[in-house]
Structure formats: C-alpha cells, structure tokens
Amino acid sequence: MSFIEYARTHIPFIEEAINRYLPPETAVPSTIHRAMRYSATGGGKRLRALLAIAGCEAVGGDRQKLGPLVAALEMIHAYSLIHDDLPCMDDDDYRRGKLTNHKVFGEAMAVLAGDALLTHGFHLLSRLRYLGVDDSTIVRLLDELGRACGTDGLIGGQVSDMESEDKHVSQQILEYIHTHKTGALFRASICCGAIVGGANQRQLAMIDSYADNFGLAFQITDDILDVVGDEAKLGKAVGSDERHLKATYVSLFGLDQAKTLAEKAIATAKESITALGDNAEPLHGLADFVISRDH
C-alpha cells in the first residue's frame, strides 16, 4: 500500500482525535487554546500518528485504541515545531505555508503554547485506560515517550544541533543529532503503537530497527530538501541550514552521497521488518514515501 493510500485511510481518524482531545478555542484562557490549535491542527503529513497506527497494525493490533496516543504524538510534534521556529532557535517565519506561531501570537504565547501542547500530550496517555489499555502498558508508553522527548531524545538532539552550528562535526555527532532531534520521536511513535497492539519482544526489536533507520533517512532527506526543495511545496524557506551554518549530511558528504546514505537507511529499515509479513506492508509504503518525498 502506498503512503498516499494509507494516509487517505487513516488521516480522518487522526484529525478527529486531535480535534476531540484539544481544548476548544472558547475555553478560558482562550488565547492559549487558539495558539495550541493553530499549530496542532495546521495540517502536515501526520507521519508520527501514521507510524503509531502502522506499528499497531503490523503486530495485529486495533487502531481504535489509539485515539489519545495519536493525538498526543501530533501535539508533542507541534510543540517541538513551535519552539524550533522561535527567534532564539531557528528563527523561521513560515511553517506549512503559513506564519509560524510566534509571528501570530507573539513569542511569549508561542512558548506557552508549546509547553501546553507537550504537557497536554502526556496527560492524554491517561485517557487510554478508558479504551481498555491496562495501566502497565500506559507506564511503558510514558517511559518510551518521556525518553524520546527529554535530554536523551529530542531536547538532547536540539542542544547538540545548536552547539554544532558553524563547526565542522564528525559523522558520529551528526548521526547523534539526527537520531535524537528527529528520530527519537519517530521511534517512540511506532514503538508505542506496537506496544498498544500487543507486540512481543522479537517484534519490538524488528520495529525498533525499522524506526531508527526510518528516522535517519527522513532527516537526511530533510537536509537534501533544504538545498534542492521547492519552497511552494515545502511551505517554508529553503537554505535555512546554510544560513544558520548547521551541520547536515549534505554539508558533510555532498548531495549525491547524502542521497545514497538515505537510500541505504531505507533499505535497511524495510529489510528489518520482513518477518512481520503482510501486516507490515504499510510500513514499507511509509518508507518508500520518505525516500521519494518532495516536501
């Protein structure tokens, strides 16, 4: 199944969950809730939510138990984008073709909107018990997601990314940045979906390998698109990595070698889930999308 077909099937479920679990704009204080919704419902590929669903289905699970989880994943991702776009970070004016959160609501409210989305995302995991997910499984999800968002994951990668600006870094450091800043939440998304789906340790090991390579290929492709991408399709300015003197696979290896490394990572990802059989077909489609995407 192609990514487009899979997304068309599941995105209505994801969007409904996000809208259901976000506070309404009319709730007091309304400004923060409008800012949260502005970014969390602002479109996007919903890759993290789709990975959670695909991970669940790959081990024979049912997506109907995933509503709070997929909403939480997309809220946490939105938080990371709001903070990443701030003037003190990457200083971007546009995201997904529209003004970034701080350009609409101001820097202080954008910081708070990001904080609120992160906090609310973790709170949502408690709602899984009402869908039949037992407490011990919810604790496992908290462990996975907490590590992915902290200094051993997203935040650690962001710090290393900032500290590597205007420096020549090794491939080891670059891989650390990519696998933590971007890859950690991808890994948590698919693993959390598989855990809710009842994955055993052998299945989790295969999915874990897939997730690591998927995340790496995604970020390498992001590096490539920042050089050769179409701003109209990306919804943001290209060339920001070079302007901010960021370490990327393109700056370290060149464009052709970066493409080769991304292709190798995707091939490894797909090979690692062969034993899951037909249930893993959507994961193959997601992997193919990552390597061929133009936005």
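At 48% relative accessibility, what does Arg129 count as: buried, partly exposed or exposed?

A: Arg129 counts as partly exposed, because its relative accessibility is 48% and the class covers values between buried (under 20% relative accessible area) and exposed (over 50%), found with a 1.4 Å probe and protein chains only. The model is a predicted one, in which local features need pLDDT of at least 70 and side-chain atom pairs count only at pLDDT 80 or more, while totals for chains, interfaces and linings use all residues. Residues are numbered from 1 along each chain as its sequence is written, and side-chain values use heavy atoms, without hydrogens and water.

Arg129 meets Asp135 in a salt bridge, with an N to O distance of 3.7 Å; the term requires a side-chain nitrogen of Lys or Arg within 4 Å of a carboxyl oxygen of Asp or Glu. Asp135, too, is partly exposed, at 44% relative accessibility. The structure as a whole holds 13 salt bridges.

Another of these contacts joins Arg20 to Glu16, whose closest N and O atoms lie 2.5 Å apart. Both residues belong to helix H1, residues 3-21; helices (H or I, at least four residues) and strands (E, at least two) are DSSP runs numbered from the N terminus. Arg20 and Glu16 are 4 residues apart in this helix, so about one helical turn separates them. Arg20 is partly exposed, with a relative accessible area of 48%, and Glu16 is also partly exposed, with 38%.

A further salt bridge connects Asp208 with Arg187, the closest N and O atoms being 2.3 Å apart. Here the partners come from two helices: Asp208 lies in H11 (residues 201-228) and Arg187 in H10 (residues 183-196), so the pair ties together parts that are 21 residues apart in sequence. Asp208 is partly exposed, its relative accessible area being 22%. The contacts of Asp208 and Arg187 extend to other residues: together with Asp143, Glu144 and Arg147, they are linked in a network of salt bridges.

In summary, the pair in H1 is set within one helix, whereas Asp208 and Arg187 join helix H11 to helix H10. Arg129, with which the question began, is partly exposed and has Asp135 as a salt-bridge partner.
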